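User: Hi! I would like to learn how to read the features of a protein model, one at a time. Could you walk me through the structure shown here?

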Amino acid sequence: MHTLVADLVLPSDASMYVMSALETARELIRHSYYRYEFATVAVTHSLFALEHLLAERLAVNEPLQKLIERATDAGLIAAELATELDRSRLLRDKLTQGTVTSASLGPAGAIDMVRAVFDAVSLLLRPATEVEAAVVDRSGGQPEDLLARLWEEHRRALYPESFRGVDIEGVELILLDADVAGLVLRELNGGLDDSGIAILWACIADLDKIAPLINSEYCASYFAKLRTMAQLVAARYIPTAT
């Protein structure tokens with residue numbers, strides 16, 4: 001069991017809370033030799049560290065599923081790693097709902113899930129300046145050039161006419177479009193203040209809410225591109241982990 005957890009090294013630059021949660025998860029796997037159920041508990045306990053760090057890094061307080069999605073969209077973690085993390089979250093949810101028991105996972109399965117959390121924590125502890133670089137890697141351009149190019153494309157794009165005056169789940173689409181456009185323009189012309197950043201995150205939350213509910217291909221594409229611009233701006237203001 002010592003060999004099994006040997007590569008789960010605690011990050012020295014993490015907070016005491018995160019280090020404590022990860023160490024407990026690691027030791028639960030080690031001691032699952034004596035109590036089989038400890039392996040499953042180790043996975044769920046490791047998520048305490050992940051959720052805490054994601055909320056801190058993204059500066060939002062949301063369910064773990066949304067935090068993982070935000071971190072993926074911002075380029076903080078890769079999509080493949082996000083899938084592994086979501087497997088752990090689903091296991092935790094099933095335990096909460098009573099559809100599985102703590103005996104559902106053995107040490108071999110638990111080690112893979114907990115290792116994914118360790119890997120994610122290491123990535124989340126990167127300097128904030130690397131976040132923008134990660135987003136750029138996924139898009140293939142310089143961040144300033146990419147945002148400027150997307151803005152010019154957006155300026156030339158026609159607003160979906162049939163969605164004028166339409167609101168979805170209480171979100172007025174044309175006003176949301178205007179708000180995000182104004183924030184992107186402010187960013188290109190010098191940057192956002194604290195109030196602007198707060199409004200930006202609220203706009204992203206609204207974009208997340210309406211996106212699955214739009215039944216027009218063009219409108220869905222229009223707002224998806226708007227969300228991409230908003231995420232590029234937001235990535236510049238994700239605070240450094242401490």
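Analyst: Gladly! Let us start with burial: a residue is called buried when its relative accessible area is under 20%, exposed when that area is over 50%, and partly exposed in between. Please keep in mind that this is a predicted model.

User: Now charged pairs. How many salt bridges does the structure hold?

Analyst: The test is a side-chain nitrogen of Lys or Arg within 4 Å of a carboxyl oxygen of Asp or Glu. The structure holds 20 salt bridges. One of them pairs Asp7 with Arg115, with the closest N and O atoms 2.8 Å apart. Asp7 sits in the segment before helix 1 and Arg115 in helix 5, so this pair links distant parts of the chain, 108 residues apart. Both ends are partly exposed: Asp7 has a relative accessible area of 44%, and Arg115 comes to 24%.

User: Which residue forms a salt bridge with Asp208?

Analyst: That partner is Lys66, and the closest N and O atoms of the pair are 3.5 Å apart. Asp208 is in helix 9 and Lys66 in helix 3, so the bridge ties together parts that are 142 residues apart in sequence. Here the two ends fall into separate classes: Asp208 is buried at 15% relative accessibility, whereas Lys66 is partly exposed at 25%.

User: And what does a bridge inside one helix look like?

Analyst: Take Arg89 and Asp93, whose closest N and O atoms are 2.7 Å apart. These residues are 4 places apart in helix 4, so about one helical turn separates them. Arg89 is buried at 7%, while Asp93 is partly exposed at 22%. Through shared partners, salt bridges join Glu51, Asp86, Arg89, Arg92 and Asp93 into one network.

User: Let us turn to nonpolar residues. Which residues form a nonpolar patch on the surface?

Analyst: Met1, Tyr33 and Tyr34 do, and together they have about 410 Å² of accessible area. Met1 is found in the segment before helix 1, and its relative accessibility of 33% puts it in the partly exposed class.

User: And on the inside, which residues of the largest nonpolar core touch the most other members?

Analyst: A core of this kind is a set of buried nonpolar residues joined through their side chains. The largest one has 76 residues, and Leu50, Leu54, Leu85, Ile210 and Phe223 touch the most other members. Helix 5 gives the most to this core, with 10 residues.

User: What is Leu50 in contact with, leaving aside its neighbours within four places in sequence?

Analyst: Leu50 is then in contact with Leu64, Leu85, Val117, Ala120 and Leu124. Leu85 is also among the core residues that touch the most other members.

Definitions and conventions
Residues are numbered from 1 along each chain as its sequence is written. This is a predicted model: local features need pLDDT of at least 70, side-chain atom pairs count only at pLDDT 80 or more; totals for chains, interfaces and linings use all residues. Side-chain values use heavy atoms; hydrogens and water are left out. Helices (H or I, at least four residues) and strands (E, at least two) are DSSP runs, numbered from the N terminus. Buried means under 20% relative accessible area, exposed over 50%, partly exposed in between (1.4 Å probe, protein chains only). Patches are made of residues with over 30% relative accessible area and no salt bridge: like charges are joined within 9 Å, nonpolar side chains (Val, Leu, Ile, Met, Phe, Trp, Tyr) within 5 Å. Accessible areas come from the Shrake-Rupley method with a 1.4 Å probe; for residues, only the protein chains shown count as cover. A nonpolar core is a set of buried Ala, Val, Leu, Ile, Met, Phe, Trp, Tyr and Cys residues joined through side-chain atoms within 4.5 Å. Contact means heavy atoms within 4.5 Å.
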